[in-house]
Amino acid sequence: MGNFHSKGKQPEPPPLLDEPWRKVAWGNNQDILQYVQNYMPANEDIKHLRVLLYGPVGAGKSSFINSVNNVIRRRMTIPAAASATTSGKSFTKNYRTHRIQIGKGADKTFYPVVFNDIMGVEDGKDCGVCPEDIKLAMEGHVKEGYVFNPVAPLSKKDYNPHPAPDDKVQVLVCVLSANAAEIKDSVLQKMSCVRQTADDLEIPQIAIMTNIDTACPETEKDLKNVYRSRHLQKKMKKISSAVGIPLNCMFPVMNYSHQIDMDDDVDTLILSALKNMINFGDDFVEKI
């Protein structure tokens with residue numbers, strides 16, 4: 001008699017890889033923290049690096065700004081209003097520059113990296129931020145405080161005709177959630193337009209994947225499992241393919257949301273993303 005081969009279902013692979021697929025210097029935050037805290041733009045005409053965050057509604061753009069603020073200032077802060085609920089509609093309505101204050105009183109200065117958070121990219125024709133507005137923001141034409149209108153792009157009164165080098169965007173960051181469902185085609189289409197504009201302007205682009213703790217039980221148990229998690233590796237590859245951003249320009253993070261104290265492992269991932277933003281942006285600034 002021949003060998004009997006079972007046609008049973010293949011066993012599921014274990015949730016964790018034997019080795020992490022990306023090396024991370026856990027517990028070595030001081031060097032990177034010093035690096036980002038000491039940063040100054042390479043171009044003397046530019047006082048600060050401007051980072052523009054975009055992405056679907058509820059991806060965690062405002063929460064990421066708050067998390068960076070916490071890491072730089074070494075304490076909990078709430079500079080960017082973030083919604084605690086996900087309604088499918090963008091919580092951010094205005095174009096606002098978020099600066100990170102360092103020191104107090106007479107010693108007060110601002111960190112030379114600023115963030116702009118814009119209305120979310122929503123599903124549907126007349127919903128969410130206009131891709132045309134994102135293009136104008138990248139070029140420095142959008143005035144501070146502009147209220148986004150999903151139906152009509154920027155009006156003349158909100159248009160900055162002579163943007164200074166500081167007004168222009170030096171890094172474009174796509175923020176996506178690891179526990180979100182499939183990104184709808186209309187959202188991907190809008191995001192593709194944004195990416196194409198950044199390509200035309202030669203603005204460096206990276207992606208941040210948030211909510212890695214709630215998306216993966218192994219990472220929720222221990223954040224150091226982030227690069228051993230099969231689920232998160234698969235998710236990052238899928239997102240990379242969908243939005244067209246290479247895997248080596250994607251950074252998983254856990255935003256500060258429910259914690260009341262600083263956490264070294266949370267800081268490690270945020271600092272890794274921030275350091276790469278600074279490096280990419282500084283390379284771009286040097287060419288201006």
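Ser240 lies in helix α7, where helices (H or I, at least four residues) and strands (E, at least two) are DSSP runs numbered from the N terminus. Apart from its neighbours within four places in sequence, Ser240 is in contact with Ile245, Pro246, Leu247 and Met250, contact meaning heavy atoms within 4.5 Å. With a relative accessibility of 12%, Ser240 counts as buried; buried means under 20% relative accessible area, exposed over 50%, and partly exposed in between, for a 1.4 Å probe and protein chains only. The structure is a predicted model, in which local features need pLDDT of at least 70 and side-chain atom pairs count only at pLDDT 80 or more, whereas totals for chains, interfaces and linings use all residues. Residues are numbered from 1 along each chain as its sequence is written, and side-chain values use heavy atoms, with hydrogens and water left out.

Two loop residues were examined in the same terms. Asn225 is placed in the loop between α6 (217-221) and α7 (230-243) and is buried, its relative accessible area being 11%. The side chain of Asn225 reaches the backbone oxygen of Glu218 at 3.0 Å, and when neighbours within four places in sequence are set aside, the contacts of Asn225 are Leu16, Glu218 and Thr219. Thr77 is found in the loop between α2 and β2 (96-98) and is buried, with a relative accessible area of 11%. Not counting residues up to four places away in sequence, Thr77 touches Asn66, Asn69 and Asn70, while its C-alpha atom is separated by 9.8 Å from that of Tyr256, a residue 179 residues apart from Thr77 along the chain.

With residues up to four places away in sequence not counted, Met277 touches Leu49, Val51, Phe64, Phe115, Val171, Val173, Ile206 and Ile208.

Rings of Phe, Tyr and Trp (its six-membered ring) pair if their centres lie within 6.5 Å, and planes under 30 degrees apart count as stacked, over 60 as edge-to-face and the rest as tilted; by this rule the count comes to two aromatic pairs. Trp21 and Tyr227 form an edge-to-face pair, at 5.1 Å centre to centre and with 90 degrees between the planes. This pair links distant parts of the chain, 206 residues apart, with Trp21 in the segment before α1 (29-37) and Tyr227 in the loop between α6 and α7. Trp21 is partly exposed, at a relative accessible area of 26%, whereas Tyr227 is buried at 4% relative accessibility. The rings of Phe64 and Phe115 have centres 6.5 Å apart and planes at 85 degrees, so this pair is edge-to-face. Because Phe64 lies in helix α2 (residues 61-73) and Phe115 in strand β5 (residues 113-117), the pair ties together parts that are 51 residues apart in sequence. Phe64 is buried, with a relative accessible area of 0%, and Phe115 is buried, likewise with a value of 0%.

A further ring carries a charge: the charged end of Lys275 sits over the ring of Tyr35, 4.9 Å from its centre, the criterion being that NZ of Lys or CZ of Arg is within 6 Å of the ring centre and within 35 degrees of the ring normal.

Technical notes
Polar contact = N/O pair within 3.5 Å; in protein donor to acceptor, adjacent residues only side chain to side chain.
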